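Here is a brisk report on one chain. It moves from overall confidence to single residues.

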Amino acid sequence: MPVTVLLVDDEPLVRAGLRAVLEAQPDIEVVGEAADGAAVIPLVRQVRPDVVAMDVRMPLMDGIEATRAVLRTVPDPPKILVVTTFEDDEFVYEALRAGADGFLLKRARPAEIVHAVRLVAAGDSLLFPASVRRLAARYGDGGRPERAAVERARLTEREAEVLRQMARGLSNAEIAARLVVSAETVKSHVSAVLAKLGARDRTQAVIAAYESGFVEPG
């Protein structure tokens with residue numbers, strides 16, 4: 001089955017460019033478009049995409065609020081890939097904190113766009129870990145409630161090590177090779193980490209790790 005994608009951006013040219021790039025791939029299908037975050041929820045319910053590629057800045061409802069709305073109201077919500085002009089934008093970090101799974105630069109090359117969609121859909125690696133680290137260092141707020149998330153989680157020693165490797169951007173297979181365990185064992189540890197942290201996915205777990213001070217973002 002192809003990865004299905006919903007495009008949300010107030011610039012028609014951006015949507016057209018993303019559609020052209022993604023639909024050139026045999027394993028990706030664009031199933032809908034919207035010009036504002038306010039239109040996202042009914043479209044998501046209608047077309048049930050695997051991934052929403054969502055502009056972070058839109059006139060009526062921005063990508064942060066649209067992300068929150070989708071995750072709050074849609075059962076089994078799609079992965080959300082924030083589309084942005086600047087990777088160091090505070091809006092990008094806020095969208096990630098709100099539950100977005102990664103971000104994509106509008107100036108990205110076609111191969112990078114395709115890779116981002118596939119990686120976010122698969123969900124077993126962190127997209128652009130170095131950029132997420134920089135965003136956490138610049139905009140992370142250690143005074144927020146997330147600060148105590150890792151401490152409350154009571155991770156085992158192995159789960160803590162898996163979280164550190166997740167924060168470095170390693171995939172499950174790469175973590176397995178580094179820790180000399182099976183990929184299935186790592187998958188189980190990742191699931192346990194997410195459950196204990198109350199994180200939707202590894203991006204949210206990594207942000208919690210940075211904001212708690214468990215992993216240094218610098």
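## Confidence

pLDDT is the predictor's confidence in each residue, on a scale from 0 to 100. This is a predicted model. The mean pLDDT of the chain is 91. Of its residues, 95% reach 70 or more.

Among the elements, strand 1 (residues 3-8) has the highest mean pLDDT, 98. Helix 7 (residues 149-153) has the lowest, 78. Where pLDDT is low, the predicted coordinates should not be read in detail.

## Overall fold

The chain has 11 helices and 5 strands. Its C-alpha trace spans about 50 × 40 × 30 Å along the principal axes. A compact globule of 218 residues would have a radius of gyration near 17 Å. The chain has 17 Å, so the two agree.

Take the contacts between residues at least 6 apart in sequence: 70% of them join residues at least 24 apart.

## Surface and charge

Buried residues make up 51% of the 218 residues. The accessible surface comes to about 10200 Å². Carbon and sulfur atoms account for 53% of that surface.

The chain carries 28 positive and 32 negative charges.

## Helix 6 and Ser131

Ser131 sits in helix 6 (residues 129-139). Its relative accessible area is 8%, so Ser131 counts as buried, the cut-off being under 20%. Leaving out residues up to four places away in sequence, Ser131 touches Glu87 and Phe103.

Helix 8 spans residues 157-167. Its buried residues are Glu159, Ala160, Val162, Leu163, Gln165, Met166 and Ala167.

## Helix 10 and Val186

Val186 lies in helix 10 (residues 183-197). Is Val186 buried or exposed? Val186 is buried, because its relative accessible area is 0%.

Which residues does Val186 touch, not counting those up to four places away in sequence? They are Asn172, Ile175, Ala176 and Val181. Pro110 is another reference point for Val186. The two residues are 76 apart in sequence. In space, they are 31 Å apart, C-alpha to C-alpha.

Note on methods:
Residues are numbered from 1 along each chain as its sequence is written. This is a predicted model: local features need pLDDT of at least 70, side-chain atom pairs count only at pLDDT 80 or more; totals for chains, interfaces and linings use all residues. Side-chain values use heavy atoms; hydrogens and water are left out. Helices (H or I, at least four residues) and strands (E, at least two) are DSSP runs, numbered from the N terminus. The radius of gyration is taken over C-alpha atoms; the globule rule is 2.2 Å times the number of residues to the power 0.38. Buried means under 20% relative accessible area, exposed over 50%, partly exposed in between (1.4 Å probe, protein chains only). Contact means heavy atoms within 4.5 Å. Accessible areas come from the Shrake-Rupley method with a 1.4 Å probe; for residues, only the protein chains shown count as cover. Lys and Arg count as positive and Asp and Glu as negative; His and the chain ends are not counted. The place of a charge is taken as NZ of Lys, CZ of Arg, CG of Asp or CD of Glu.
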